[in-house]
Amino acid sequence: MAAANCSFTCLQAQRSWSSAPRRCRAAVVRCRAAADSAAGAAVQQAAAEASAAWTAEPAAAAAAAEVDSGQQHEDEDEYLEMPEAQHVILQPDFLDVAPQLRAHFDQRVGNPLKTTADRFVWDHWHVPGQYNLMRTPADRFFPAQLYDRLEDALVEYGERQLGCRGISPIWLSYYVHGHRQGWHSDAPHGPFAFVLSLTRWEERRFSGGETMLLQPWVLDYWWHFDPARGTEMPQLMTLVPPHFNQLTVFDGRIPHAVQQVEGTYDPLEARIVLHGWFTQPAPFFAGSLSKEAATPALNACLDGLYAALGVLPPAVGIATVRLRIAGGSGGVADLQWLANTLVARPQAGEEPEDVCGATLATIAEHLLAAAFPPSADGGDTHITLPFIFE
Ligand SMILES: O=C(O)CCC(=O)C(=O)O
Ligand SMILES: [Fe+2]
């Protein structure tokens, strides 16, 4: 299921944090809200309204940078605007065969009086105080053709939108009365977790079943502590309802849980989800330049970039950008942020937004200056590039 490894030197920035932080001025790149699409305007407005961008439709996870038209900005106050971290991305109507997957579940689980072998595939996963649900490997539950459609769609999404070349084995789980996942985080599994829902959410007869994530400010609780303010569930956590065929992609480092389901014992009425992790962050190439043709120019650019990142204060997370390389000139015609979960480490001692902004700006600045060879057929190339900070 996982794609082959890429021959890149390294996309893991090697960093030493001894030097003073560097601030990035807007002399080279300027940022605008997501490119030319109708969604772009909505994104821009949403970005202006949201003080902390926490959940996002896929388009809202993107912002694009363009090469400054030569005008030099001497004003010291003019710094780059970079996209805020997005720890949850929602992708509605993800998979065309979701209804068939659900129909297969219904057919296989539906008749409780049937005793054929295909019914006996479920593990009651019970870790006291932590997990309580029914699960089975999806590749053994669904017919191969249907399963392949699911896996292909997830792998393609990971490659193009997140810069992840692989996925973990996919679980199929259902939750009836009393089932839940307690609070946990999944940092080692991969940079992003996913949940694709087969739940008939609008028609449900149970309560609970939402994915719950701690709000970012809770993770920095004492920095924001206000003795005059009380907090309750809505301030402490984000609830993501698993609408049918919605792909929820989230930063698995964030403590999260599944709200206990109450009100049905019937698997056909259950919360039903396919879930796993996007893995193996690595560059992905599409278009006229082959990976081999583009790699030397990219590596040359990355050498300078890593040196520049090495003197910035520390951040952790992943930032994924997509470059459009103009076929004729080999120049970078467009840079689009696809995903960004960067968080400043507290020991950075700087304003968190400044730390993450400087990191993103440095990436953009170097990538926009990269010089690729022109393509043989004159066509453009798209490169999806994940940067991991640990
Ligand atoms: O089902 C969900 O909403 C979350 C699943 C999850 O967190 C996990 O499987 O680790
Ligand atoms: Fe999880």
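**Briefing: ligand shell, core and local backbone**

The shell around ligand 1 is made up of 4 nonpolar, 4 polar and 1 charged residues. The structure is a predicted model. Its protein chain contains 8 helices and 20 strands, and 39% of its 390 residues are buried. Among contacts in the protein chain with a separation of 6 or more, 86% join residues 24 or more positions apart.

**Ligand 1**

- Around ligand 1 lie Q181, D186, A193, V195, T211, H256, V258, V273 and H275.
- Three strands each contribute at least two residues to this shell: β10 (192-197), β14 (256-258) and β15 (271-281).

**Nonpolar core**

- The largest nonpolar core has 84 residues, and F192, F194, V321 and L367 touch the most other members.
- Helix α8 (residues 352-368) is the biggest contributor to this core, giving 9 residues.
- At least three core residues come from each of domain 1 (29-85 + 283-389) and domain 2 (89-280).
- Beyond its neighbours within four places in sequence, V321 contacts L335, Q336, W337, L338, I363, L367 and L385.

**Helix α8**

- Of the 17 residues in α8, 14 are buried, so the helix is largely enclosed by the rest of the structure.
- The end C-alpha atoms of α8 are 24 Å apart, which agrees with the 24 Å that its 17 residues should span at 1.5 Å a residue.

**R102 in helix α2**

- R102 belongs to helix α2 (residues 98-109).
- R102 counts as partly exposed because it has 18 C-beta neighbours inside 10 Å, and the cut-off for buried is 20 or more.
- L198 is 96 residues from R102 along the chain, yet their C-alpha atoms are separated by 5.9 Å.

- Most residues other than glycine have a negative phi.
- D93 is not a glycine but has a positive phi of about 50 degrees.
- D93 sits in the loop between β4 (88-91) and α2.
- With 11 C-beta neighbours inside 10 Å, D93 counts as exposed, since the limit for that class is 12 or fewer.
- N245, also not a glycine, has a positive phi of about 65 degrees.
- The loop between β12 (237-240) and β13 (247-250) holds N245.
- N245 is buried, because 21 other C-beta atoms lie within 10 Å.

Notes. Residues are numbered from 1 along each chain as its sequence is written. Chains are lettered from A and ligands numbered from 1 in the order in which they are written. This is a predicted model: local features need pLDDT of at least 70, side-chain atom pairs count only at pLDDT 80 or more; totals for chains, interfaces and linings use all residues. Helices (H or I, at least four residues) and strands (E, at least two) are DSSP runs, numbered from the N terminus. Two residues are in contact if their C-beta atoms, placed from the backbone, lie within 7 Å. A residue is near a molecule or strand if its C-beta atom, placed from the backbone, lies within 6 Å of it. Ala, Val, Leu, Ile, Met, Phe, Trp, Tyr, Cys and Pro count as nonpolar, Asp, Glu, Lys and Arg as charged, and the others, Gly among them, as polar. A nonpolar core is a set of buried Ala, Val, Leu, Ile, Met, Phe, Trp, Tyr and Cys residues joined through C-beta atoms within 7 Å. Domain bounds come from an automatic or database domain assignment. The expected span of a helix is 1.5 Å times one less than its number of residues.
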